[in-house]
Amino acid sequence: MEPDDAEALWRWNNDPEVMRWLDDGYPESLAQVTARCEQRERNSYDQVLFGIETLTEKRLIGLVKLGDATPETGEAELDIYIGEKDCWGRGYGTEATRLICRYGFDKMRLHRITLWVADENARAIHLYKKVGFVEEVGLVNRSAAMAGGTTWS
C-alpha cells in the first residue's frame, strides 16, 4: 500500500455498501487517510497488509491483511475486502484469500489463521468455506457473538 492508494481507500471507506459488514470507525477526510497511509509502518510479523490488484490493469481493488500475529502461538487474524464493486463476484477475493493464507503458512510459519464474519454475510461465508475455513463450533468469541458473527479458522 502506497500513499497514492489513499484516494481509493477513502472512497471505499465512505461507501456504505462496501462497508456494510465492516467496522468503519469514524469518518476521515481524504487528507487524514493520506496522512495515515504515509505514516503506516512497514509490514512486520505482527501485521502484513497488501493491496489487491487486477493482473491486467494493475488497478487497486481491495485490501488483505494478516494482523495480530504472534510468534508464540503462530496465529494471525485475516481481514479482507474488495472495495471496487465492479469486481465483486469475480473471484478476486477467493484468489487473494488463498494467496494470503499461503503466505501466512509458508513465509510467516503460522499454524492457524482465524477470521470473524457476520452471520448474515452469506457471500463471505461461501468464500471462506470454499478455501477451507471452518466455523469454530462451541468457541464463543464475546465480541463476535455480540456483533452477530462467528469466528472461523
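How are H1 and H2 oriented to each other? In this predicted model, the axes of helix H1 (residues 6–13) and helix H2 (residues 30–39) come within 9 Å and cross at roughly 125°. Angles of 65 to 115 degrees count as roughly perpendicular and those over 145 as roughly antiparallel; H1 and H2 are therefore oblique to each other. Their crossing is right-handed. On the H1 side, the contact is formed by Ala 6, Glu 7, Leu 9, Trp 10 and Asn 13, and on the H2 side by Leu 30, Val 33, Thr 34, Arg 36 and Cys 37. By residue class, the contact of H1 with H2 comprises six nonpolar, two polar and two charged residues.

The largest nonpolar core contains 24 residues, of which Leu 66, Leu 78 and Tyr 128 touch the most other members. Two or more residues are contributed to this core by each of strand S1 (48–53), S2, strand S3 (75–82), H3, S4 and helix H4 (122–130). A separate core of twelve residues includes Leu 9, Trp 12, Val 33 and Leu 60. Leu 9 and Val 33 also take part in the contact between H1 and H2. For Leu 66, contacts beyond four places in sequence are made with Asp 46, Gln 47, Val 48, Ala 76, Glu 77, Leu 78, Ile 100, Gly 104, Met 108, Leu 110 and Ile 113.

Thr 97 is located in helix H3 (residues 92–106). With a relative accessible area of 0%, Thr 97 is buried, because the term applies to values under 20%. When residues up to four places away in sequence are set aside, Thr 97 touches Leu 78, Ile 80, Leu 127, Val 131 and Phe 133. Among these partners is Leu 78, one of the residues that touch the most other members of the largest nonpolar core. Thr 97 and Tyr 128 are separated by 31 residues in sequence, while their C-alpha atoms are 8.2 Å apart in space.

Backbone geometry was also examined. Most residues other than glycine have a negative phi. Asp 68, although not a glycine, has a positive phi of about 55°. This residue is found in strand S2 (residues 60–70) and, at 58% relative accessibility, counts as exposed. A positive phi, near 60°, also occurs at Arg 109, likewise a residue other than glycine. Arg 109 lies in the loop between H3 and strand S4 (112–118). Its relative accessibility of 61% places Arg 109 in the exposed class, because that class covers values over 50%.

Conventions:
Residues numbered from 1 in each chain as written. Predicted model: local features only at pLDDT ≥ 70, side-chain atom pairs only at ≥ 80, totals over all residues. Heavy atoms only, no water. Helix = DSSP H or I, 4+ residues; strand = E, 2+ residues; numbered from the N terminus. Buried < 20%, exposed > 50% of the residue type's maximum accessible area, 1.4 Å probe, protein only. Contact = heavy atoms within 4.5 Å. Axes fitted to C-alpha atoms, helices over the stretch in contact; angles between N-to-C directions. Parallel < 35°, antiparallel > 145°, perpendicular 65-115°, else oblique. Left-handed = near helix turned anticlockwise from the far one by under 90°. Nonpolar A, V, L, I, M, F, W, Y, C, P; charged D, E, K, R; others polar. Core = buried A, V, L, I, M, F, W, Y, C linked by side-chain atoms within 4.5 Å.
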